[in-house]
Amino acid sequence: VHPDIVKTQSGHYILAVTPYPFGDDRYEQPVIYRSRDLHDWEYISGPIDKERPGMKNHLSDPSIFQKESGELLCY
């Protein structure tokens with residue numbers, strides 16, 4: 001759920017998405033995938049954040065973008 005996608009300068013598509021299996025908040029932590037054709041996806045990284053004890057932990061709705069330098073950022 002909550003997908004966000006960007007096309008990189010190299011022609012790849014990078015997708016940040018939040019798994020939410022069976023509505024279980026414990027697994028709601030964004031992961032990153034890469035594709036050349038928007039059909040076949042390769043797992044890259046994740047979860048990219050983790051819950052922190054004593055903190056408010058709502059780890060969904062990732063936003064991903066590429067800076068002019070080519071660096072990818074995800075918030």
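In which strand is the place of isoleucine 5? Isoleucine 5 sits in strand β1, which covers residues 4–7. The legends below describe a predicted model.

**View 1. Overall fold of the predicted model.** The protein has zero helices and six strands. Read from the N terminus, its elements run β-β-β-β-β-β. Of the 75 residues in the protein, 28% are buried. The accessible surface comes to about 5500 Å². Carbon and sulfur atoms account for 53% of that surface. Among contacts between residues at least 6 apart in sequence, 35% join residues at least 24 apart.

**View 2. Isoleucine 5 in strand β1.** Isoleucine 5 has a relative accessible area of 42%. This residue therefore counts as partly exposed, since that class lies between the buried limit of under 20% and the exposed limit of over 50%.

**View 3. A nonpolar surface patch.** Ile5, Leu38 and Trp41 make this patch. Its area is about 260 Å². Ile5 comes from strand β1, whereas Leu38 lies in the turn of the β3 and β4 hairpin.

**View 4. Pairing of strands β3 and β4.** Strand β3 spans residues 31–35, and strand β4 spans residues 42–45. The two pair in the antiparallel sense. Three bridges link them. Tyrosine 33 stands opposite tyrosine 43, a residue of β4.

**View 5. The turn of the β3 and β4 hairpin.** Six residues lie between the two strands. Leucine 38 is in this turn and has a positive phi of about 65°. Leucine 38 also contributes to the nonpolar patch, together with Ile5 and Trp41.

How values were computed:
Residues are numbered from 1 along each chain as its sequence is written. This is a predicted model: local features need pLDDT of at least 70, side-chain atom pairs count only at pLDDT 80 or more; totals for chains, interfaces and linings use all residues. Side-chain values use heavy atoms; hydrogens and water are left out. Patches are made of residues with over 30% relative accessible area and no salt bridge: like charges are joined within 9 Å, nonpolar side chains (Val, Leu, Ile, Met, Phe, Trp, Tyr) within 5 Å. Accessible areas come from the Shrake-Rupley method with a 1.4 Å probe; for residues, only the protein chains shown count as cover. A salt bridge is a side-chain nitrogen of Lys or Arg within 4 Å of a carboxyl oxygen of Asp or Glu. Helices (H or I, at least four residues) and strands (E, at least two) are DSSP runs, numbered from the N terminus. Buried means under 20% relative accessible area, exposed over 50%, partly exposed in between (1.4 Å probe, protein chains only). Two strands pair if DSSP finds at least two bridges between them. Contact means heavy atoms within 4.5 Å.
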